[in-house]
Structures are given as C-alpha cells and as structure tokens.
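Dear colleague,

Please find below the sequence and structure that I am handing over to you. My notes on what was found follow directly after them.

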Amino acid sequence: MDNLFELADAYGPARIIHIHNPAADLRAIVVVDNVACGPAVGGIRMAPDVSVEECFRLARAMTFKNAAAGLPHGGGKSVIFGDPKIAADRKEQMIRAFADAIRDTLDYIPGPDMGTDELCMGWIKDEIGRAVGLPAAVGGIPLDEIGATGFGLAACVDVARKFVGLELKGARVAVQGFGAVGKHAARFLAEKGALLVAASDSAGTLADPGGLDVGELMAWKAQGRALRDFSRGQKLPADAIIDIACDVWIPAARPDVLRADNVGRLNTKLVVQGANIPCTPEAERTMHERGIVSVPDFIANAGGVICASIEYRGGTQRAAFDYIDERIRANTRLVLERSRKSGEVPRQAALALAGERLRAAMQTRRWRAA
Ligand code: NAD
C-alpha cells in the first residue's frame, strides 16, 4: 500500500496496528475503526491470507452494526495470519501472544470470528482481562448454542413480513446454510408456525414442500451428517436452494451468494440476511426492483454482537434475548419504512440510519468535526 492513509475517511479508521512476534510465529493486524460509541468490539479472524483492506472493511461493518444496534461500542476487527487448524498448543501460544500485544489497546475488545472460538476468548481473557464470546465457565453466554443470531433473524422476519403482506403461520421458509445461524433461525421461525420447506449445507439441499422437521434435522446435523443423507425429503444440489419456491429466503452461509447472474432465480417475497454480505449491490438492487424485500445483514444478524455486548456488561441470557428482540424489531421497522418512503434499497436506508447514529455519537466527542 503506497498511501498508508488511503482507507481513511470521516469515520476512521482510528488506528491500524501491525503485530509481529517471531518467537510466537505471530503476525497480526488490528483495525480499530471508530470508537465514538465506546470501545470497539469485533472478532478475531484466523486465516492464512487476509488483506489490511479486508480487515478494515470488516471493522467498518462492525462500526455500522454496533451503531445501528445502539450498543455502547465502536467497530474493530483483527486478523491473525495462520491456519486455524494448527496444533492446539501452538494456537494457544499464538493467541496468548496476540492478547499480550493488544494489552494496552484498551479501546478494542476482541471476540470470536472465523478460525477462533470461545476457548480462544478464554485464553485472551486470562491474559488481559477483556474479551467477549467467552466460555460459560468464565461468565460467557454461549451465543451459538442458544441461537442468539437466529433468534434475531426470526424477530426480523416477524416485522419484515408485514411489509410484504405475509402471515408467519404457514409461511414457507428456505435456509441456505444449516449451521449455528441458519438452524436456529429455522427453529425460532418454526416455533412461530412457519414451515421449513428447504435447507442446505455445503453438500446439498434437502427440500419438502410439505415441511421438514427442524428438530430432527438439528439432531441429524449434530451427528456430523449431511442434510442430503437424511432419510426423507427431496435431495438436490447445494445451489438449488436458490430456486426453491418459498416466502422467506435466509442466506446463512457464505458471502456473495446472491449476484446479478443468479438473483433472477429467486422465487420468494422476503430475504433476511443472516450471513455477512451474502448479496452483491447489484443483487440487492434487482431484488428491490422486483419487489422482494431484503433486510441487510448488519440490521438482521446483529443478535450475536448484541449478546456479546450484554455478556461484557455482565447481563444475563434473558436480558440478551430481550435486547435482541427489541432492537432488531425496531431497526427492521425503521429501515423498511424509510426504504418504502424514499424508494431507496433497504441497505441505503440502513446505512443512513446507522450513519446518523454514529455522527450523533461523534458530536459528543472532544475531537469532533464542526
Ligand atoms: P457455521 O459454520 O456454523 O454454519 C455455516 C453453514 O453453512 C454450514 O452448515 C455449512 O455446511 C454451510 N455452507 C457452507 N457453504 C455452503 C454452501 N455453498 N451452500 C450451502 N451451505 C453452505 O457458521 P455460522 O456461525 O452459522 O455463520 C454463518 C454466516 O453467518 C457467516 O457468514 C457468518 O459470518 C455470519 N454470522 C454469524 C453470526 C453468529 O452469531 N455465528 C453472527 C452474524 C453473522
């Protein structure tokens, strides 16, 4: 990068820190983006190859997600370069060395992301006394186990459905990615009377227009089995989940799964984004033009970070669910009302909402723009 400040804009990043500890084989980057709302919360991604720019974009996404959710936290992110599947003792050494390196970066609170988990957060808490997404044994709320993000997605669907004239009872739901996010979204929606008509994992799609049993599928996946090996239902390729006739389509797997070249295949009324950046901007525009309401990721999938924030403040699981329910419902309504009024795609409306909150927080700071 020739210009070290080429990522800088009115919001941040406040700091980009490069960490190198050869003795621990540690190379890492921390981006503290914007801390107007409070110390930055954002995950640690462990991956062989992530650019500074990507780390910054992930940190910025956290700035907007946390501001939109009304949390007392700014946005940050970090990357540890390496294979997350290395031997446990080496990984522990690397993570502890990373924690030591951010000891004095008090406005960054790390959490889990791809390649790190609650045990890693336990090591960090042990080193420096601050981390979120902790093991229950040291005061954590097990957010993936309780389905915090899936719970928030179900609340989002329950508000967004009114914008497309849909009843939840009997609504047909398709979920791409039956993992921590997707399976719990399906579970909470089924509890509200919706029907899971298709679910997919990386190996394939399982479909049944008459409805799949969410509990049975969760038990099946818990045994480490693929959905396509389930005894009942229609077995289709993984990509076929896009064509499923449904009312609600939930991406909960990978980025960029809906693009200009495949978004036309969607046969649904509502898309609620569980995964991070599952749709390209072109796909979001096309959905908007076709009258498919799409709730952006940083509004719909904030349940996990809300839970982490409540954990950090010593709150209970019940408090986390209450906060998720209230915030995600309110934000979904605000964003979709704004989008309907202005005609802009929901993501633009959501960015405007988060930007207003962020700028209001920035006005309370000592170093503020006029
Ligand atoms: P996970 O690893 O538990 O589950 C991912 C699932 O997606 C797995 O079942 C996997 O088989 C499936 N998958 C992978 N590739 C696929 C493909 N091509 N087609 C269909 N399925 C495929 O991960 P997760 O924690 O559920 O996260 C899913 C997404 O949600 C990620 O984008 C993540 O960043 C985002 N997210 C997670 C949380 C959280 O609380 N865990 C919060 C916000 C956002």
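In these notes Ala, Val, Leu, Ile, Met, Phe, Trp, Tyr, Cys and Pro count as nonpolar, Asp, Glu, Lys and Arg as charged, and the others, Gly among them, as polar. By that scheme, the lining of the second largest pocket has nine nonpolar, three polar and five charged residues.

Please note that this is a predicted model, in which local features need pLDDT of at least 70 and side-chain atom pairs count only at pLDDT 80 or more, while totals for chains, interfaces and linings use all residues. Residues are numbered from 1 along each chain as its sequence is written, and side-chain values use heavy atoms, with hydrogens and water left out.

Pocket and cavities

A pocket is an open set of points on a 1 Å grid over the protein atoms alone, with protein on both sides within 12 Å along at least five of seven lines; a cavity is a set of points where a 1.4 Å probe fits but cannot get out, and lining residues have an atom within 4 Å of a point. Grid points are joined across faces, edges and corners, and a volume is the space filled by probe spheres set on the points. Helices (H or I, at least four residues) and strands (E, at least two) are DSSP runs, numbered from the N terminus.

The second largest pocket holds about 390 Å³ of space. Of its 17 lining residues, Ala-10, Tyr-11, Asn-34, Met-362 and Trp-367 lie nearest its centre. Strand E2 (26-34) and H12 are the elements that give two or more residues to this lining.

There are two cavities of 30 Å³ or more in the structure. The largest cavity contains about 50 Å³ of space, and its lining consists of Gln-273, Glu-284, Met-287, His-288, Ile-292, Val-293, Ser-294, Val-345, Pro-346 and Arg-347. Two or more of the lining residues come from each of helix H8 (281-290), strand E12 (293-295) and helix H12 (346-362). H8 contributes the most, with three residues. Five of the lining residues are nonpolar, three polar and two charged.

The second largest cavity has about 30 Å³ of space. Ala-69, Phe-298, Ile-299, Ala-302, Ile-306, Arg-327, Ile-328 and Asn-331 line this cavity. Helix H9 (297-300) and helix H11 (317-342) each give two or more residues to the lining, and H11 has the largest share, three residues. By class, six of the lining residues are nonpolar, one is polar and one is charged.

Nonpolar cores

A nonpolar core is a set of buried Ala, Val, Leu, Ile, Met, Phe, Trp, Tyr and Cys residues joined through side-chain atoms within 4.5 Å. Buried means under 20% relative accessible area, exposed over 50%, and partly exposed in between (1.4 Å probe, protein chains only).

The largest nonpolar core has 75 residues, and Phe-178, Leu-196, Ile-250 and Ile-306 have the most contacts inside it. Helix H5 (residues 148-160) supplies the largest share of this core, eight residues. Another core of 26 residues lies apart from it and includes Leu-26, Met-94, Met-121 and Trp-123. Not counting residues up to four places away in sequence, Ile-250 touches (heavy atoms within 4.5 Å) several residues, among them Leu-153, Val-157, Val-173 and Leu-189.

Strand E4

All seven of the seven residues of strand E4 (residues 75-81) are buried. Gly-75, Lys-77, Val-79 and Phe-81 are buried on one side, and Gly-76, Ser-78 and Ile-80 on the other. Two strands pair if DSSP finds at least two bridges between them. E2 and E4 run antiparallel and are joined by six bridges, with Ile-29 opposite Val-79 in E4. Strand E3 (residues 40-47) pairs with E4 in the parallel sense over five bridges, and Met-46 stands opposite Ile-80 in E4.

Backbone features

Most residues other than glycine have a negative phi, and most peptide bonds are trans. Gly-12 and Pro-13 are joined by a cis peptide bond, with omega about -5°; Pro-13 lies in the segment before strand E1 (15-21). Asp-256, in the loop between strand E10 (248-251) and strand E11 (270-272), has a positive phi near 55°. Ile-277, in the loop between E11 and H8, has a positive phi of about 35°. Asp-256 is partly exposed, with a relative accessible area of 38%, and Ile-277 is partly exposed, at 39%.

With kind regards
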